[in-house]
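Dear colleague,

Please find the structure for your review below. My notes on it follow directly after.

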Amino acid sequence: MSTTRPQPGDLGPEPSDAGGRSAPAAPYDTAPYREGRPVRRVRRLALAGAAGIVPLARDFTRQALHDWGWLPAASADRRAAAEDVLLVVSELVTNACLHAEGPDELRVACDGKVLRLEVSDGGAGQPAPRTPHRAGRPGGHGMFIVQRLCLDWGVVRTPGAPGKTVWAELAMP
């Protein structure tokens, strides 16, 4: 069963500077290079007070993957990698909704090798995979899934400021 919603292209072009989003980027095959390295691309989406936050975050991320050349996928492996990214976005945003009074912002960044997802929220909690993990038990699998699918993940806090940013990194296919 697929974990995605409608395919890229169904959403239309991403507007420039609308809703905190950046202008559409070229696929990484043609990405500009600076000093021999690909330029890091970043997209931001404000989520505070938005309706339908999880599908909104997935659609926003899917459009970024499409614009950056991950989608449409040329192979089953590339499609699976894109599906993993969308699943991780869903888990991070859902956790912020359930445990931190909702997410404030989603950031998606890619440097050509690693895609980094960041979800900022105002919560004080510390996300962690539930241990022991029980596969047959409903709920509580979010951070276990993130841990299994990602190269690395963690939490960043600003001293003296409320909230946190939960980040996760996945390899580009």
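A residue is called buried here when its relative accessible area is under 20%. By that criterion, 41% of the 173 residues of the protein chain count as buried. Please note that this is a predicted model.

Overall architecture

The protein chain contains 3 helices and 7 strands, and along the sequence these follow the pattern β-β-β-α-α-β-β-α-β-β. Among the contacts in the protein chain with a separation of 6 or more, 61% are between residues 24 or more positions apart.

Helix α2

Just after α2, Glu101 adopts a positive phi of about 60 degrees.

Packing of α1 on α2

Helix α1 (residues 53-67) packs against α2 at an angle of about 150 degrees, and their axes are 9 Å apart. Because angles over 145 degrees count as roughly antiparallel, α1 is roughly antiparallel to α2. The crossing of these two helices, α1 and α2, is right-handed. On the α1 side the contact is made by Ile53, Val54, Ala57, Arg58, Thr61, Arg62 and Leu65, while α2 contributes Ala82, Val85, Leu86, Leu87, Val89, Ser90, Val93, Thr94 and Cys97. The residues of this contact divide into 11 nonpolar, 3 polar and 2 charged.

Packing of α2 on α3

Helix α3 (residues 142-149) also meets α2: the two axes come within 9 Å and cross at roughly 145 degrees. The crossing of α2 and α3 is left-handed. From α2, the residues in contact are Asp84, Leu87, Val88, Glu91, Leu92 and Asn95, and they meet Gly142, Met143, Ile145, Val146 and Leu149 in α3. Here the division is 7 nonpolar, 2 polar and 2 charged.

Val108

Is Val108 buried or exposed? Val108 has a relative accessible area of 0%, and it is therefore buried. Not counting residues up to four places away in sequence, Val108 touches Arg41, Val42, Arg43, Phe60, Thr61, Trp68, Leu115, Arg116 and Leu117. With Thr61, which is 47 residues away along the chain, the C-alpha separation is 7.0 Å. Thr61 is also one of the α1 residues in the contact with α2.

Yours sincerely

Conventions:
Residues are numbered from 1 along each chain as its sequence is written. This is a predicted model: local features need pLDDT of at least 70, side-chain atom pairs count only at pLDDT 80 or more; totals for chains, interfaces and linings use all residues. Side-chain values use heavy atoms; hydrogens and water are left out. Helices (H or I, at least four residues) and strands (E, at least two) are DSSP runs, numbered from the N terminus. Axes are lines fitted to C-alpha atoms, for helices over the stretch in contact, and angles run from 0 to 180 degrees between N-to-C directions. Angles under 35 degrees count as roughly parallel, over 145 as roughly antiparallel, 65 to 115 as roughly perpendicular and the rest as oblique. A crossing is left-handed if the near helix is turned anticlockwise from the far one by less than a right angle, and right-handed if clockwise. Contact means heavy atoms within 4.5 Å. Ala, Val, Leu, Ile, Met, Phe, Trp, Tyr, Cys and Pro count as nonpolar, Asp, Glu, Lys and Arg as charged, and the others, Gly among them, as polar. Buried means under 20% relative accessible area, exposed over 50%, partly exposed in between (1.4 Å probe, protein chains only).
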